[in-house]
Amino acid sequence: MAYVIPTRPDDESHHAPQSFWTRYVWSQDHKVIAVQYGCTAIAVGLVGLVLSNLMRLQLGFPGEFAFINAERYYQFVTMHGMIMVIYLLTALFLGGFGNYLIPLMVGARDMVFPYLNMLSFWFYLLSVVVLIASFFVPGGPTGAGWTLYPPQAILPGTPGHDWGIIVMLVSLLIFIVAATMGGLNYVTTVLQARCEGMTLLRMPLSVWGIFTATILALLAFPALFVSGVMMLFDKVLGTSFFMPSLVSMGQLSAHQGGSPLLFQHLFWFFGHPEVYIVALPAFGIVSDLISVHARKAIFGYRTMVWAIVAIGGLSFVVWAHHMFVSGMNPYFGFFFATSTLIIAVPTAIKVYNWLLTLWRGDIHLSVPMLFALAFMLTFLLGGLTGLFLGNVSVDIPLSGTYFVVAHFHMVMGVAPLLVVFGGIYHWFPKITGRMLDDRLGHLHFWVTFLGTYAIFFPMHYLGLLGMPRRYHHFTDYEFIPASAHAFNAWITVIALIVGAVQLVFVFNLLWSAFRGRKAGPNPWQAASLEWATPETPPAHGNWGRDLPVVHRWAYAYSVPGAPRDFIAQDAPSKDGGAEPAYGGSP
Amino acid sequence: MNTSAVQLQAPDEATRERALSAGLWAFLVVVTSLFSLFLTAYVMRLSSPDATAVEMPRQLWISTSVLILGSLMMHRRQLNAGGACAMGFLVAQWWAWQALQAEHVVLTGNPAASFFYLLTALHGLHVAGGLVAWANVQASPTPGRIAMCARYWDYLLMLWIVLFAAFTWITPEVARVICGVSP
């Protein structure tokens, strides 16, 4: 952007922060907003984590904890799902990483609409406050399951059917407004504010992943908005968009003719792209982590970009694979199964390219790299079970079982979270100027990685055994053998340990932010632009008096003949390391 | 975090307008997605047996004319007249609601009526949002910013025509044919 060098001493940036309040609270600086987003998301994520541990206590030791009755259990399930998917992962990847990385990685002074960016955070915070408020309304939060299917979501018998569901829908609508304001910013910044020389095909894959995911969010969140508004009308104003005529508690309801299936279509038209709204930034970030920590150019950069775009496009034509058990015309089932399996092609390309990037690389097993490698393993496993569930005839018997719980926790719970952790360990020195503690990092990594495997891997077996998901307890079911109960207790113990070790991570964040070892401007010797800021942490405006000029891609590692094993993106052209002409390996 | 500031001038107007223009296009894509999904839901819901057609109130022709006039005014760079037309449109829409209410067409009961009220309200909110932007442009009415107002006004006009056409022509019978449902 054409910020010009001041000619008069009284010239100043249009939003240069002056006081404590404008610096840290009503800040329009993308880096401060990113940290605000990140801290809020992590805080609400800890609530989601506690809820999951409470659910595990009930499943592992049924009856031991009397306060977790069936009603509360379903409320925990619902809130855990919604918090983790929307308020933690979506907010953290787009609002946190997107806000921090996009302007720094493309060489911009800030987002193009800083005021809108600030509003985006405050709307997000409001949506979180409203969400948490649902714990304190009469009847408690909704227990309709995170998919909020009508008619049960608003009928008596479902926990939180009076107030909980209303508060949940209002919170979601506010979140969508926040995500839209943020999203317009990210897209416009990538399109309009790249520095000189930063062509689209020189952007780091992190930016590509976040950019594409933002476009998905802008197109898919309206579907959630539509279904949320219409359900709110059904609940509060008595319309019948989704509510059929039915007898509830012995009385004929006032609704008639509504279509619950319509809600499912709308919800999953949002819900499936949502998986990729979380996964694409993870793909992008993990590509950069692997490349930096293996000191090697990403293999097949352009293929990686096109794979991200292809996955984004395909994610809009697979939604009904979540509805195989709802019943549909067999030709539709065939179509959605086929489109689902086709997504495996670009996804597999990405996995192969990560492997080939590692091949003969100078692999440094730093904490970010460990998380990146763990992501590959976890995502691969979760992706493969997705191939099972994408087939109609396999999905129908497995759909109601723990196999599905195992699948989606591996692929969209644990895998993206591992990238979140890897990304935080990687960029923390840029954000705070200090390194996270390495020993605590290793402890956090090994317990989280091995622990989540120990939790979710056995669930595949429990699912194949026929153990149903969504049940409050499994006592008194003859077909569930004693070994399954033992497995459940074991999973619970591990889940508690994994939950506890996240506190170590939070401690590490807090302690290292103030007491950690000082980091240089570029501790990982990375080539991408965010490590080339004149100050660390970067000042408001990011780039000093002059914007950087970019001469190559972000992956100039181990270039033969170069004095160091990386060449920064803004080093002069004569230093070499230009991107290969056709996107192959250099 | 480092919150010290580099003293820099704000970007020049041309750069700012390019960014605003790109942001506006992106926003229009989002609104298109929103209303397309609503219209898809409208067709699916109207194909059910309990839906009956609602006769559109005559006032809608007035509101449509006012909205067309608003777009024309914006293209002639008559910022104030364009904004006034948008306000007039909202008033006319309100009048149309009153007319429907007087005929006992209520929000609940018939999905065609539910969708009519919901979608006109949402479209009206987008017009009102446009007026907020319009009020901001009043502060610095550059040709570029007025052109963006005109673009948004044109878009809302087209959107309204699509909605009006859907309310008029996609009756429950037509929706049943589209969805392949036999009555």
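This is a predicted model: local features need pLDDT of at least 70, side-chain atom pairs count only at pLDDT 80 or more; totals for chains, interfaces and linings use all residues.
Colleague: Let's start with chain A. How many helices and strands are there in chain A?

Modeller: Chain A has 14 helices and 2 strands.

Colleague: And how does the radius of gyration of chain A sit against a compact globule?

Modeller: It agrees with one: a compact globule of 586 residues would come out near 25 Å, and chain A has 24 Å. Along the principal axes, the C-alpha trace of chain A spans about 80 × 55 × 50 Å.

Colleague: What percentage of the residues in chain A is buried?

Modeller: Buried residues account for 63% of the 586 in chain A.

Colleague: Now the inside. Which residues touch the most other members of the largest nonpolar core?

Modeller: That core has 249 residues, and A:Tyr124, A:Met230 and A:Phe375 are the ones touching the most other members. Helix α3 of chain A, residues 70-106, gives the most to this core, with 22 residues.

Colleague: Take A:Met230 then. What is A:Met230 in contact with, leaving aside its neighbours within four places in sequence?

Modeller: Residues from both chains. In chain A, the contacts of A:Met230 are A:Thr239, A:Phe241, A:Phe242, A:Leu262 and A:Leu266. From chain B, A:Met230 meets B:Phe38, B:Ala41, B:Phe115 and B:Leu118.

Colleague: Switching to charges. How many salt bridges are there over all chains?

Modeller: The search of the whole structure finds 7. One of them pairs A:Arg202 with A:Glu579, with the closest N and O atoms 2.8 Å apart. That pair links distant parts of the chain, 377 residues apart. A:Arg202 is in the loop between α5 and α6 of chain A, and A:Glu579 is in the segment after α14.

Colleague: Is A:Arg202 buried or exposed?

Modeller: Buried, because its relative accessibility is 15% and the cut-off for buried is under 20%.

Colleague: Chain B next. Which residue forms a salt bridge with B:Arg145?

Modeller: B:Glu13, with the closest N and O atoms 2.9 Å apart. B:Arg145 lies in helix α5 of chain B and B:Glu13 in helix α1, so the pair ties together parts that are 132 residues apart in sequence.

Colleague: Why does B:Arg145 count as buried?

Modeller: Because its relative accessibility is 18%. B:Glu13, at 33%, is partly exposed.

Colleague: What about B:Asp50, which side chain does it meet in a salt bridge?

Modeller: The side chain of B:Arg45, at 3.1 Å from N to O. Both B:Asp50 and B:Arg45 are buried.

Colleague: While we're in chain B, where is B:Gly83?

Modeller: In helix α3 of chain B, residues 79-102. B:Gly83 counts as buried because its relative accessibility is 0%. Beyond its neighbours within four places in sequence, B:Gly83 is in contact with B:Met74, B:Leu131, B:Trp134 and B:Trp153.

Colleague: Last one, back to the surface. Which residues form the nonpolar patch?

Modeller: A:Leu341, A:Leu380, A:Leu384, A:Leu387 and A:Phe388, with about 400 Å² of accessible area together. Helix α10 of chain A, residues 367-390, supplies the largest share of the patch, 4 residues. A:Leu387 sits in helix α10, and at 33% relative accessibility A:Leu387 counts as partly exposed.

Key:
Residues are numbered from 1 along each chain as its sequence is written. Chains are lettered from A and ligands numbered from 1 in the order in which they are written. Side-chain values use heavy atoms; hydrogens and water are left out. Buried means under 20% relative accessible area, exposed over 50%, partly exposed in between (1.4 Å probe, protein chains only). Contact means heavy atoms within 4.5 Å. Patches are made of residues with over 30% relative accessible area and no salt bridge: like charges are joined within 9 Å, nonpolar side chains (Val, Leu, Ile, Met, Phe, Trp, Tyr) within 5 Å. Accessible areas come from the Shrake-Rupley method with a 1.4 Å probe; for residues, only the protein chains shown count as cover. A salt bridge is a side-chain nitrogen of Lys or Arg within 4 Å of a carboxyl oxygen of Asp or Glu. The radius of gyration is taken over C-alpha atoms; the globule rule is 2.2 Å times the number of residues to the power 0.38. A nonpolar core is a set of buried Ala, Val, Leu, Ile, Met, Phe, Trp, Tyr and Cys residues joined through side-chain atoms within 4.5 Å.
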